[in-house]
Amino acid sequence: MEFINKTLGDVFEDQVALYPDQDFVIYPDRDLRFTFRQFDERVNNLAKGLLAIGIKKGDHVGIWATNVPDWLTFLFATAKIGAVLVTVNTAYKTHELEYLMEQSDLTTLCLIDGFRDSDYVNMVYELVPELRTAERGKLESKKFPFLRNVIFIGQQKHRGMFNTQEILLLGSHVDDRELENAKKSLDCHDVINMQYTSGTTGFPKGVMLTHHNIVNNGLTIGNNQKLTHKDRLCLCVPLFHCFGLVLGMMAVVTRGMSVVVVEQFDPLLVLASVQKEKCTALYGVPTMFIAELNHPMFKMFDLSSLRTGIMAGSLCPIE
């Protein structure tokens with residue numbers, strides 16, 4: 001197998017050139033879809049907006065969110081400017097977030113409003129009380145000396161935080177040459193992603209992954225499934241984990257495929273998404289597949305388009 005020796009941004013732009021009008025990201029439950037070209041335009045605006053608020057190559061940018069549409073926009077935008085995306089587990093409690101923010105030297109945290117019984121916004125205000133009075137982009141935290149920006153992923157306004165719409169608007173006023181200059185400074189062996197894994201002992205460790213690491217892992221995974229640009233992957237596992245991000249999105253982008261994303265796992269939504277979008281591949285952990293197979297409405301769905309996929313995370317029970 002021949003490795004890809006390009007940055008993630010370059011790999012993505014190659015696919016934009018090949019398949020500009022093909023669907024890239026699809027959220028069937030809200031009838032939201034972006035072609036490769038449309039998504040690239042949004043990514044470029046966000047990337048320029050991140051540059052405008054002072055984020056630069058090597059800065060650590062945390063993302064604490066379920067599989068919301070702009071999770072992927074931040075993934076590719078940070079890749080294009082050389083920032084390191086630090087993926088945060090959606091189940092983290094305040095003390096776990098505190099550990100990650102300190103240990104990873106976050107300069108920016110991007111977050112949604114919350115997940116299940118966790119209120120992310122209030123948890124961050126609890127950890128960073130200076131945020132309530134600080135000028136946006138000029139945060140000075142005693143506990144987190146590297147932290148300068150907090151970005152809310154959505155349209156709501158929160159004290160001390162930018163929101164996605166404001167970053168996109170800032171980006172629309174930045175000259176394209178600034179982004180081009182940032183991209184020219186990158187190398188495929190630069191670190192692009194930090195994933196936290198508990199390993200076998202102690203606190204989670206931040207694992208440093210390069211463009212070359214994750215792109216070629218995705219390429220290999222795609223080879224094993226014989227994926228092509230005509231495939232459509234239904235992705236219902238979390239993007240913050242290597243299953244969703246590397247085995248999922250990197251397989252998609254190295255093939256120029258379409259990805260059908262489920263924001264939070266629901267067996268009925270997965271079955272409906274596969275049928276509606278004629279998905280050819282499906283990912284999940286054993287409990288997800290079991291929930292789908294055992295759903296009382298399972299036999300009502302046409303899943304004949306499926307031909308491959310991945311089951312991971314744990315051993316599959318024989319039954």
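## Sheet and salt bridges at a glance

Lysine 138 counts as exposed, with a relative accessibility of 54%. Please keep in mind that this is a predicted model. Two topics follow: an open sheet of 7 strands, and the salt bridges, of which a search of the whole structure finds 23.

**The sheet**

- Reading across the open sheet, the 7 strands come in the order E9-E8-E5-E3-E4-E10-E11, and their pairing is mixed.
- The edges are taken by strand E9 (162–163) and strand E11 (205–210); each has a single partner strand, so one side of each has no neighbour in the sheet.
- Strand E10 covers residues 191–197 and pairs with E11 in the antiparallel sense, over 6 bridges.

- Aspartate 70 and arginine 42 meet through their side chains in a salt bridge, at 2.9 Å from N to O.
- Helix H3 (residues 69–81) holds aspartate 70 and helix H2 (residues 36–52) holds arginine 42, so this pair ties together parts that lie 28 residues apart in sequence.
- Is aspartate 70 buried or exposed? Its relative accessible area is 12%, which is under the 20% cut-off, so aspartate 70 is buried.
- Arginine 42, its partner in the salt bridge, counts as partly exposed at 24% relative accessibility.

**Salt bridges with exposed residues**

- Lysine 138, the residue in the opening sentence, forms a salt bridge with glutamate 135, and the closest N and O atoms are 3.8 Å apart.
- Glutamate 135 has a relative accessibility of 52% and counts as exposed, and lysine 138 is exposed at 54%.
- Arginine 177 and aspartate 175 also meet in a side-chain salt bridge, with 2.9 Å from N to O.
- In this pair, arginine 177 counts as exposed at 59% relative accessibility, whereas aspartate 175 is partly exposed, with a relative accessible area of 35%.

**A salt-bridge network**

- Which residues are linked in a network of salt bridges? They are Glu13, Asp40, Lys80, Glu180 and Lys183.

Terms used: Residues numbered from 1 in each chain as written. Predicted model: local features only at pLDDT ≥ 70, side-chain atom pairs only at ≥ 80, totals over all residues. Heavy atoms only, no water. Pairing = 2+ DSSP bridges. Helix = DSSP H or I, 4+ residues; strand = E, 2+ residues; numbered from the N terminus. Salt bridge = Lys/Arg side-chain N within 4 Å of Asp/Glu carboxyl O. Buried < 20%, exposed > 50% of the residue type's maximum accessible area, 1.4 Å probe, protein only.
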